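This report describes a sheet, a helix packed on it and the nonpolar cores of one protein model. Please consult the sequence and the structure shown here while reading.

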Amino acid sequence: MEKKRMNSLVKWTLILFVLASIILNIVLIGIHSSRAPKCSAQRVHPLRRKHDERSAVFADLSREEYLQVQQFMLKQNNLDISTNQISKPSDNFLFLIELSVPKKADVLAYLDRNGAKPTREATVVVFYGAKGYIKEYVVGPLPNPTYVNDVTMERYHAELPINARTVTIGEYNLLFQFLGDVFSKLGKIMKESFDMGPDKQLNAFEQMPRGVRTGDRKTWISFFRDMSGMYIHPVGFEVLVDHQSVNASEWKVEKLLYNGQYFDSIDALKDKYDKDLVKKIVYKESPDYGSLKPRNKPLQVGPQLFNAEGKRYSVSNNHVVYMDWSFAFGLSALTGMRVFDVRFNDERILYELSVQEAMSVYGSVTPGMILTKFLDSSIGIGRFAHELVRGVDCPYEASYVDTYRYIDVPKPVRFRNSICIFEHNMGQPLRRHFSDFFHHSYGGMVNSALVFRTITAIGNYDYIWDFIFYQSGSVEAKVHATGYISSSYLVDGALRHGHQVAEKVLGNIHTHFINFKVDLDVLGVKNFFQTKDMEYVNVSLPWMPDHYAMVPQLVEKQLKTEKEAALRYDTKTPRYLHISSNKTNRWGHQRSYRLQVFSFTGDHLPESQAEERAISWARYKVAITKHKDGEQTSSSLYSQNNIWSPAVDFSKYIEDNESIEDEDLVAWVTTGFLHIPHSEDIPNTVTVGNGGGVLLRPHNYFDMDPSIHSADSVYLSPGSEDSCDSNRMACLAQETCSPVLEPFTYEGFDGVMKFEDWV
């Protein structure tokens, strides 16, 4: 009995000891954690560059400037602009206000030669529905405008017909009312086939371009279940609406498609449906496979980026400095992200790097997609740059910038946190070498770079746009696509145009073509375009003249005209493409920057097609032209809806075949990928492998790699492994700190346009 008590006592003593140890460890961990210093929110080391207030010449318009321009235009009685908040197609509607980028020569005189500051002006687009045309104006000076000039003919050398306009919110509102009348006339079919009723509707997605010839405004509208990811829930019903007239009372249904069968009128469909002469769609519930809600409860937080010694970059208004880099930035509502006056070690490398266009060509057997060619700048690429989600879209500690836009709205709209800027460890060394035979040592450098990013959600697709600035003097422009695929209802013959990805759902084959404008100024504006490649030559060996070997040899060429330098996708392209100066480096080679394109595009639309001229920039992997202020963009706001007679035909930039020797040169770079949708695109397309870009790399520009001067370099030699003098990593454990994080907030849904807000 005594022994039993003793065992019980020992047992409880051990249990109490274990519990006490656990509690003590928890307390010690808590004490240790509380003692971990917070990372400095202030910059520990001074910036290498200073901000330049002159970058304001490239700054997007402020809210106050938008309002000043709007009020000035509305007061011009001779322009007869409507004050309706939501326009009708017949209104004279102020559609767009945006910065008018000043002429390059004026800006360079201001920045480089203490010239006069360029006049700040705005571009204004007015849709004259009552008069049947579109006008572009320049308004200035800002602030406090006093003049307005019609620049339509100067910019496009032709009048702009009203049918070239973007479909506005007001027109969409009328289209939805029109479709509501269609649904009411087909009540029985809508209920039996799609379970439509007062509390259950279908969503619409439209084909573009709107017709087959100049002047058309006839849109095939496809319908989808009102579910998460509606784009992958087609129902098999499409309607062709003729809305060419600016008077909505004259709109009409021209055709209908129901379950793969065409009908000339609503009555024809009703009649054949009632007589059981059609293959009926029988409604059944669909699983919610398009939802992006986590299938499992999130339990962990992944690795996070934080700045141990404060941010090594700075953002002031529209100007960024980072290590040896500096640049100005903006976000066009039409074309999206752009940077100007990009300098490395105070030398201008780029005058402009900008997104120009995002285009997709679809294949299908059904009309909603059979002719579809989306030209996103005609809708507005930057227009749909919404708030970025902290910690997902960009690192939690990134710097976030608000933007304002005025496009199809009654007043300028603020988009909070729609640009992010952050320094990023790219995950591999920028350079390194381990010497294991002679001079035992290790030298390396982490690849930390600055990322300038926005993300645009244009309908179903989300494009992630990055400009990346490396410490080696390289700049990269790249894009990744994600979001939902466009799909169509699976009918006979559809599998020739894609793969089935869900029940009765076809993921349609399509291309993604992206165009960038790259205005490199290599040591000034007098540049050349050169190519380099290799070829094997049969040479005799110097020490054995009778023995021959095939040896690689450098092949260099300088291209002289724009036609020579228009490098088509369907021809072999030299692997090294250079914008060069006639100035040389220490070793006697012309200093240059190389264009290295990463692209997996599909085939370009045949030039025999009427729509091709509006996307003729996609013929070329790279095209080099002489800089002209009148050749500002490769596409236009009007290309989508007047695709057969485009206001901007890029091929004409090349037709005049001007000299490109010792001239100010612009490279127009096309990249992208072919997308054949597959089951893993459900629910969302992932960014991995879906993108393209161009890398701008110094080539004999410097005498050696400039990153050798970076303080991020690490060097180890035997006996110095734990010295902090040339290896900050050795002391990192002693300097561990915990990040200071802002509370998570998100207001992106507040800025989303809702049709009910305007009706």
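## The sheet

Strand 6 and strand 7 (residues 218-225) run antiparallel and are joined by 5 bridges; two strands count as paired if DSSP finds at least two bridges between them. Helices (H or I, at least four residues) and strands (E, at least two) are DSSP runs, numbered from the N terminus. Phe205 stands opposite Ser222 in strand 7.

An open sheet is formed by 5 strands in the order 6-7-8-9-10, with antiparallel pairing. Strand 6 (202-206) and strand 10 (261-263) are its edge strands, each pairing on one side only. From one strand to the next, the twist averages 25 degrees.

This is a predicted model, in which local features need pLDDT of at least 70 and side-chain atom pairs count only at pLDDT 80 or more, while totals for chains, interfaces and linings use all residues. Residues are numbered from 1 along each chain as its sequence is written, and side-chain values use heavy atoms, leaving out hydrogens and water.

## The helix across the sheet

Helix 5 lies across strand 6, strand 7, strand 8 (234-242) and strand 9 (252-258), and runs at about 115 degrees to strand 8. Axes are lines fitted to C-alpha atoms, for helices over the stretch in contact (heavy atoms within 4.5 Å); angles run from 0 to 180 degrees between N-to-C directions.

## The nonpolar cores

Which residues touch the most other members of the largest nonpolar core? They are Phe237 and Leu595, in a core of 111 residues. Helix 5 (residues 169-185) supplies the largest share of this core, 6 residues. A nonpolar core is a set of buried (under 20% relative accessible area, 1.4 Å probe, protein chains only) Ala, Val, Leu, Ile, Met, Phe, Trp, Tyr and Cys residues joined through side-chain atoms within 4.5 Å.

How values were computed:
Buried means under 20% relative accessible area, exposed over 50%, partly exposed in between (1.4 Å probe, protein chains only).
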